[in-house]
Amino acid sequence: MSGQPMDLDARRRELAARHDRALAEYGVAVREFIELSQPDPLTGRVPRTTKRRAARRRVRRAARAVRRSQPKRYTR
């Protein structure tokens, strides 16, 4: 069959690589968010900037990708 997927071992390797990439992306996003979330030394407040909001969104998106790229449990 031409629609047959690649062998299971190759698929497993590909999914593991995707999970590793998702984890790396998550780490980068978290570090960037922490960097942007440092309080202002003068006022002691964390500014609500667009950059920080965008970084937070990237963290959430990367976390979702990590969860979705994990090997599935309880499959038949």
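This is a predicted model: local features need pLDDT of at least 70, side-chain atom pairs count only at pLDDT 80 or more; totals for chains, interfaces and linings use all residues.
Residues are numbered from 1 along each chain as its sequence is written, and side-chain values use heavy atoms, with hydrogens and water left out.

The protein chain contains two helices and zero strands, where helices (H or I, at least four residues) and strands (E, at least two) are DSSP runs numbered from the N terminus. Of its 76 residues, 17% count as buried, a term that stands for under 20% relative accessible area, whereas exposed stands for over 50% and partly exposed for values in between (1.4 Å probe, protein chains only). The chain exposes about 7,000 Å², of which carbon and sulfur atoms supply 52%; accessible areas come from the Shrake-Rupley method with a 1.4 Å probe, and for residues only the protein chains shown count as cover. Among contacts (heavy atoms within 4.5 Å) between residues at least 6 apart in sequence, 56% join residues at least 24 apart.

The largest pocket holds about 310 Å³ of space. On a 1 Å grid over the protein atoms alone, a pocket is an open set of points where a 1.4 Å probe fits, with protein on both sides within 12 Å along at least five of seven lines, and lining residues have an atom within 4 Å of a point. Grid points are joined across faces, edges and corners, and the volume is the space filled by probe spheres set on the points. Of the 13 residues that line this pocket, Leu15, Ala16, Ser69, Gln70 and Pro71 are the closest to its centre. Helix H1 (8-36) and helix H2 (50-69) are the elements that give two or more residues to the lining, and H1 gives the most, with seven.

Serine 69, found in helix H2, is classed as buried because its relative accessible area is 11%. Its side chain reaches the backbone oxygen of valine 66 at 3.1 Å, and, when residues up to four places away in sequence are not counted, serine 69 touches Leu15, Arg18, His19 and Ala22. Arginine 12, by contrast, is found in helix H1 and is classed as exposed because its relative accessible area is 55%. Although arginine 12 and proline 71 are 59 residues apart in sequence, they are 8.8 Å apart in space, C-alpha to C-alpha.

Conventions
A polar contact is a pair of N or O atoms within 3.5 Å; within protein, one must be able to donate a hydrogen and the other to accept it, and residues adjacent in sequence count only if both atoms are side-chain atoms.
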